[in-house]
Amino acid sequence: MRPEILAPVGSMEALNAALAAGCDAVYFGLPSFGARAFANNFDLETTKEVIERCHLCGVKVYITMNTILYEDEIEDAYNMAKKVHSFGVEALIIQDLGFIHLLHHRLPNLVLHASTQLSVSNPYQIEQLKKLGVQRVVLARECTKEEIQACVDTGIEVEVFVHGALCICYSGQCYFSSVHYGRSGNRGMCAQPCRMKYTLYEDGNKVDTHGEYVLSPKDLSLIDEVNTLADMGVCSLKIEGRMKSAPYVYESVSQVKKVLENMERNVEDKQNLRVTFNREYTVGHMYRASGKELMNSKTCNHQGIEIGKVVKVNKNKICIQLSQDLHQNDGIRFEKENLGCHVNFMYDKKQKLISFMPKNNTVLIEGPVGVHVGSIVRKTMDSELNKIIDERIRTSNRQSKVNACL
């Protein structure tokens, strides 16, 4: 059976994008008790409206309540769960085992999914979760292909992340942010210490790590492997990104759908996805990636796509030799200096103000001071792609079949 495509929704714009791109289900958080405390989470009134709208489109809704709870929060969390259950939510995604136990007994008809924060990676864990009434497990991103298959073979529903960010540790097992910054990832407030700079020493001697971001993984991308996961029996293909943009959601969902429909992604598809967000890609732990296949020690931020090189600089006037097209309002970053800007003003060789320059030409832009000749230029936001996606979202008319008797 074809697995569902599960899209992240951190804003109304992302919801519109997910629906237009053809997702089968969405997931998002509430104002409290979710592992993305800084996402634009929906309040209860909006949540009810979103559930109703998704159901009209034949789309399922899963809500994350996947933080570890304090004793004095249990009843408030229960009342919130009871409320969204009354709205018709398909399932809640939970980490706290005590909360799972409570919900299973007080709301036996509420479907429960075990969060990836529980680090599920083997059949024994699954058998214990079955006893607590869990219907589906969201596997740890660290599972190998063999571990995924073993979990599927237990007969429980299995959900696997196929695209998005990775952690340096097992999901739910990192306390680095909590210890060092007083912000716990298990409370939805991770400060992302793995994306910061570090120096490595061995026996007092500095080790050359070929970059300062020694704890920063690349982004996972198994989009071209989704049919393999489908054949293995995985029931849900999950995309990470509740704090990412609507274009990211649209491109990731539509490209997973394309591959599931046995169509190959072309060069343009892959470039469009990269420009919405990437830290470079890895096939991750499913295929036992390690070292440079898994980690990106040179940078921790959005890489976009390479579009050219700086060939001349005069204060804030920067001349770029383009290897890709450039449009006015594109977002760019100069790799060497880690400086960025939107392209508000761009000029041709005759100093004429223009709005577009095709590849294999030089263009002059007004940019940040401090850029040097030779710096690689990367496009981190494609204004034309965003316009195309906005138009597709605006003109989409997601419908579901209705059987009626006259």
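Where is the place of Gln351? This predicted model puts Gln351 in the loop between strand E18 (346–347) and strand E19 (353–354). The close-ups below start there.

**Close-up A. Gln351, a non-glycine residue with a positive phi.** Here we zoom in on the loop between E18 and E19, where Gln351 sits. Its backbone phi is about 65°, even though Gln351 is not a glycine. For context, most residues other than glycine have a negative phi. As for the side of things that faces out, Gln351 has a relative accessible area of 53%, so it counts as exposed.

Close-up B. Asn360 belongs to the loop between strand E20 (356–357) and strand E21 (362–366). Is Asn360 buried or exposed? With 59% relative accessibility, Asn360 is exposed.

**Close-up C. Phe28 and Phe42, an edge-to-face pair.** The structure has two aromatic pairs, and this view shows one of them. The ring centres of Phe28 and Phe42 are 5.0 Å apart and the planes meet at 70°, so the pair is edge-to-face. Phe28 comes from strand E2 (residues 25–29), while Phe42 comes from the loop between E2 and H2, so the contact ties together parts 14 residues apart in sequence. Phe28 is buried, at 1% relative accessibility. Phe42 is buried too, with a relative accessible area of 6%.

**Close-up D. Phe176 and Tyr198, a tilted pair.** Now for the other rings. What sort of pair do Phe176 and Tyr198 make? Their centres lie 6.2 Å apart and their planes are at 35°, so this one is tilted. Phe176 is in helix H7 (residues 176–181) and Tyr198 is in the loop between H7 and strand E8 (201–202), so the pair links distant parts of the chain, 22 residues apart. Phe176 is partly exposed, at a relative accessible area of 33%. Tyr198 is partly exposed as well, at 23%.

**Close-up E. A patch of negative charge on the surface.** Which residues gather here? The patch is made up of Asp43, Glu45, Glu49 and Glu52. Pick out Glu49 and you are in helix H2, which covers residues 44–56. Glu49 has a relative accessible area of 45%, which makes it partly exposed.

Methods. Residues numbered from 1 in each chain as written. Predicted model: local features only at pLDDT ≥ 70, side-chain atom pairs only at ≥ 80, totals over all residues. Heavy atoms only, no water. Patch = residues over 30% accessible without salt bridge, like charges linked within 9 Å, V, L, I, M, F, W, Y side chains within 5 Å. Areas by Shrake-Rupley, 256 points an atom, 1.4 Å probe, with all protein chains shown as cover. Salt bridge = Lys/Arg side-chain N within 4 Å of Asp/Glu carboxyl O. Lys, Arg positive; Asp, Glu negative; His and termini not counted. Charge placed at Lys NZ, Arg CZ, Asp CG, Glu CD. Helix = DSSP H or I, 4+ residues; strand = E, 2+ residues; numbered from the N terminus. Buried < 20%, exposed > 50% of the residue type's maximum accessible area, 1.4 Å probe, protein only. Phe/Tyr/Trp six-rings, centres within 6.5 Å; stacked < 30°, edge-to-face > 60°.
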